[in-house]
Amino acid sequence: MRCWQELSRVKVSHLTADALQAQDEAYIASLQPKKQVIKPQAPAPVVAPVPAAPKLSPEEEAKLDRQRRLIDMIKKGRLDSLRPFIAKYPDEITVQALAIASSSAQEEVVSYLLEEIKIDPTQSYEGRKPYDHSSSKAIRNIYRRLAFKQPEMWDWKEAHVPSGLSEEKEEEENKKKAERRKGLKEKLKERDTKRAEEAEEEERKAAAAAPPAAPVGGKTGPQKLGGKIGGEGNLAGMTPEMRMRVERERRARAAEARFAK
């Protein structure tokens, strides 16, 4: 009942002029768009300018091109082109040339640079001596031969060359190497011969252990391996190779019997 009275009774309120004006202003203010709050943007990161590559002068570009051609001649072993190039530009030949020739296994170029141009092998290139760049025993022996012929030419120990190599010592090393190869070939030959003998012995034992074949259809004479068609036979004591031969013979005989029907 009370709820009905509250809902059905008209309530009248008396507002002053100031209150009415305040309500009007509030309503008008609600109709106007709200001002967006602009958040302060973070400052863009300052990117340091990338320094431009220094432009080479014509002389520097020409020198760089000569270095490329020099490295190409060394790697390809073009000694006929390398000689006039070095004669024309002797100041541009450094330990780099000797190290590259050693790593490229160019024996004639290494000998030429060591004995005629006399590049110092005690200097380093990329943290290693030219001898350390050697890619084969033949290249290392060039250093060792020169160390034996001219021990006072350079500090060969500083150049990481282990010892000098005389003709007699090199011949002795080659002789030992040939003997090792010959011994290895003989061992391989003996091993192959022994394997062949063992295989033959195994075959003889398997043949001796194989039981005699039972006659088929009352026939006498040599019989095939495997006994009767479909029979198990006596496979005890046989090697796996003999068992496989017996099984193949049985299957062949069974196939012949089927085709004969």
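Val95, Ala97, Leu98, Ala99, Ile100, Ala101 and Ser102 are the buried residues of helix H5, where buried denotes under 20% relative accessible area, found with a 1.4 Å probe on protein chains only. The helix spans residues 95-103 and is mostly covered, seven of its nine residues being buried; helices are DSSP runs of H or I with at least four residues, numbered from the N terminus. These buried residues pack against helix H3 (58-76), helix H6 (107-116) and helix H7 (137-149), a contact being defined by heavy atoms within 4.5 Å.

The model is predicted, with local features requiring pLDDT of at least 70 and side-chain atom pairs counted only at pLDDT 80 or more, whereas totals for chains, interfaces and linings use all residues. Residues are numbered from 1 along each chain as its sequence is written, and side-chain values use heavy atoms, with hydrogens and water left out.

The secondary structure of the chain comprises nine helices and zero strands. Of the 261 residues in the chain, 23% are buried, and among contacts between residues at least 6 apart in sequence, 58% join residues at least 24 apart. The mean pLDDT, which is the predictor's confidence in each residue on a scale from 0 to 100, is 80 for the chain, and 81% of the residues reach 70 or more. Over residues 223-232 the pLDDT is below 50, although this stretch has 23 contacts in the model beyond near neighbours in sequence. Where pLDDT is low, the predicted coordinates should not be read in detail.

After H5 comes alanine 105, with a positive phi near 60 degrees, and glutamine 106 lies in the loop between H5 and H6. A polar atom of the glutamine 106 side chain lies 2.9 Å from the backbone oxygen of lysine 75. When residues up to four places away in sequence are not counted, glutamine 106 touches Ile74, Lys75, Lys76, Gly77, Ala101 and Ile139.

A search of the whole structure finds one cavity of 30 Å³ or more, a cavity being a set of points, on a 1 Å grid over the protein atoms alone, where a 1.4 Å probe fits but cannot get out. The largest cavity holds about 40 Å³ of space, the volume being that filled by probe spheres set on the points. Its lining, made up of residues with an atom within 4 Å of a point, consists of Gln67, Leu70, Ile71, Ile74, Glu92, Thr94, Gln96, Ala97 and Ile100. H3 and H5 each supply at least two residues of this lining, and H3 gives the most, with four.

How values were computed
Buried < 20%, exposed > 50% of the residue type's maximum accessible area, 1.4 Å probe, protein only. Polar contact = N/O pair within 3.5 Å; in protein donor to acceptor, adjacent residues only side chain to side chain. 1 Å grid on protein atoms, 1.4 Å probe; cavity = no way out; pocket = protein on both sides within 12 Å on 5 of 7 lines; lining within 4 Å.
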